[in-house]
Amino acid sequence: MTAAIETQGLTRRFGDFTAVDGVTMEVPAGTILGLLGPNGAGKTTLIRLLLGLLAPTAGRGRVLGYDVVREGEAIRERCGYMSQRFTLYHDLTPDENLDFYGRLYGLRGRALASRKEELLAWAGLRPYRHARAGALGGGLRQRLAFACAVLHCPPLLFLDEPTSGVDPASRRQFWDLIYDLADGGTTVLVTTHFLDEAEHCDLLGIMLGGRLAAFGTPAELRAAYAGEEGLDRVFLRLAQEPAT
Ligand SMILES: Nc1ncnc2c1ncn2[C@@H]1O[C@H](COP(=O)(O)OP(=O)(O)OP(=O)(O)O)[C@@H](O)[C@H]1O
Ligand SMILES: [Mg+2]
């Protein structure tokens with residue numbers, strides 16, 4: 001089985017500042033990878049490198065088998081991306097947002113109409129389909145942005161802090177949707193600040209100061225760093241260790 005994401009020493013500097021520092025990882029297809037890290041750890045920059053939106057200063061990466069430097073366009077066509085400042089049209093309804101993004105992805109006519117119905121039902125948005133997106137609550141808006149990101153059934157999905165600013169009940173609903181996709185074989189890379197969400201992931205990467213300070217299953221990280229203690233302790237320990 002090929003890896004969905006494979007990087008070796010992936011690095012990005014901005015002037016003297018190293019935002020992503022020698023990240024090496026392998027993410028098997030069908031995995032939910034959670035990336036945890038404080039503000040400025042380099043999570044968003046890493047995603048932009050993987051999508052070929054930003055050129056690495058050093059290192060290599062392949063996403064769905066494509067090279068991040070030379071084949072960024074092929075990667076972006078095949079991936080879903082819900083950016084941190086996600087971009088819904090607030091003056092448009094859920095229906096219209098899905099139409100708009102569907103056309104961007106090249107969906108038309110019956111194919112678009114049926115995919116749209118499927119996603120409205122899946123994300124629990126049917127009752128709100130004709131409301132202005134800007135008037136929807138945070139959880140609903142997040143689900144709409146999510147639906148827009150998966151319109152074209154991407155095998156790999158990048159979710160950049162999809163649940164920030166969302167209440168706990170809505171966060172749980174959101175995770176049900178993520179599980180649903182993963183059950184269908186989609187690979188998901190999701191960044192979060194919430195440690196409780198880390199437990200939902202198959203693999204975890206902890207980013208600190210641009211480095212991938214730890215990488216493994218939640219159980220492996222607990223065993224390696226804190227015995228039976230919680231992941232919050234792992235995180236604290238890593239944050240206190242000096243960068244090597
Ligand atoms: N285009 C840029 N030019 C200069 N510095 C940048 C640029 N993009 C990101 N940085 C810096 O790189 C570091 C990592 O930023 P990044 O947005 O990747 O962090 P993050 O982990 O996503 O943080 P957050 O949790 O706040 O979203 C930050 O210090 C940021 O200021
Ligand atoms: Mg970010």
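**Reading a predicted model**

Mentor: The shell around ligand 1 has three nonpolar, seven polar and one charged residues, and the model it comes from is predicted.

Trainee: Which residues are around ligand 1, and what makes them its shell?

Mentor: They are Phe 14, Ala 19, Gly 37, Asn 39, Gly 40, Ala 41, Gly 42, Lys 43, Thr 44, Thr 45 and Gln 84, and each counts because its C-beta atom, placed from the backbone, lies within 6 Å of the ligand. Helix H1, residues 43-50, gives the most to this shell, with three residues.

Trainee: Why is Leu 120 called buried?

Mentor: A residue is buried if 20 or more other C-beta atoms lie within 10 Å of its own; Leu 120 has 20 of them within 10 Å, and is therefore buried. Leu 120 belongs to helix H4, and, leaving aside neighbours within four places in sequence, Leu 120 is in contact with Pro 94, Leu 125, Arg 126 and Arg 129.

Trainee: How do you know that the buried residues of H3 line one face of the helix?

Mentor: In H3, residues 94-104, the buried residues are Pro 94, Asn 97, Leu 98, Tyr 101 and Gly 102. Viewed down the axis of H3, these fall within an arc of 130°, so they line one face of the helix. They pack against helix H4 (109-122) and helix H5 (138-149), while after H3 comes Gly 106, with a positive phi near 85°.

Trainee: What makes E6 and E10 the edge strands of the sheet?

Mentor: The sheet is open and has six strands in the order E6-E7-E8-E3-E9-E10, with mixed pairing. Strand E6 (79-82) and strand E10 (211-216) each pair on one side only, and they are the edge strands. From one strand to the next, the twist averages 15°.

Trainee: How do you know that E7 and E8 pair?

Mentor: Pairing requires at least two bridges between two strands, and five bridges join strand E7 (residues 156-160) to strand E8 (residues 187-192), so the two strands, which run parallel, are paired. Within this pair, Leu 159 stands opposite Val 190 in E8.

Trainee: Which helices lie on the sheet, and at what angles?

Mentor: Helix H6 (residues 168-183) packs on the sheet and touches E3, E7 and E8, its direction making about 155° with that of E8. H1 lies across strand E3 (32-36), E7, E8 and strand E9 (203-208), and runs at about 155° to E7.

Terms used. Residues numbered from 1 in each chain as written. Chains lettered and ligands numbered in written order. Predicted model: local features only at pLDDT ≥ 70, side-chain atom pairs only at ≥ 80, totals over all residues. Helix = DSSP H or I, 4+ residues; strand = E, 2+ residues; numbered from the N terminus. Nonpolar A, V, L, I, M, F, W, Y, C, P; charged D, E, K, R; others polar. Buried ≥ 20, exposed ≤ 12 C-beta atoms within 10 Å, placed from the backbone. Arc of directions from axis to C-beta. Contact = placed C-beta atoms within 7 Å. Axes fitted to C-alpha atoms, helices over the stretch in contact; angles between N-to-C directions.
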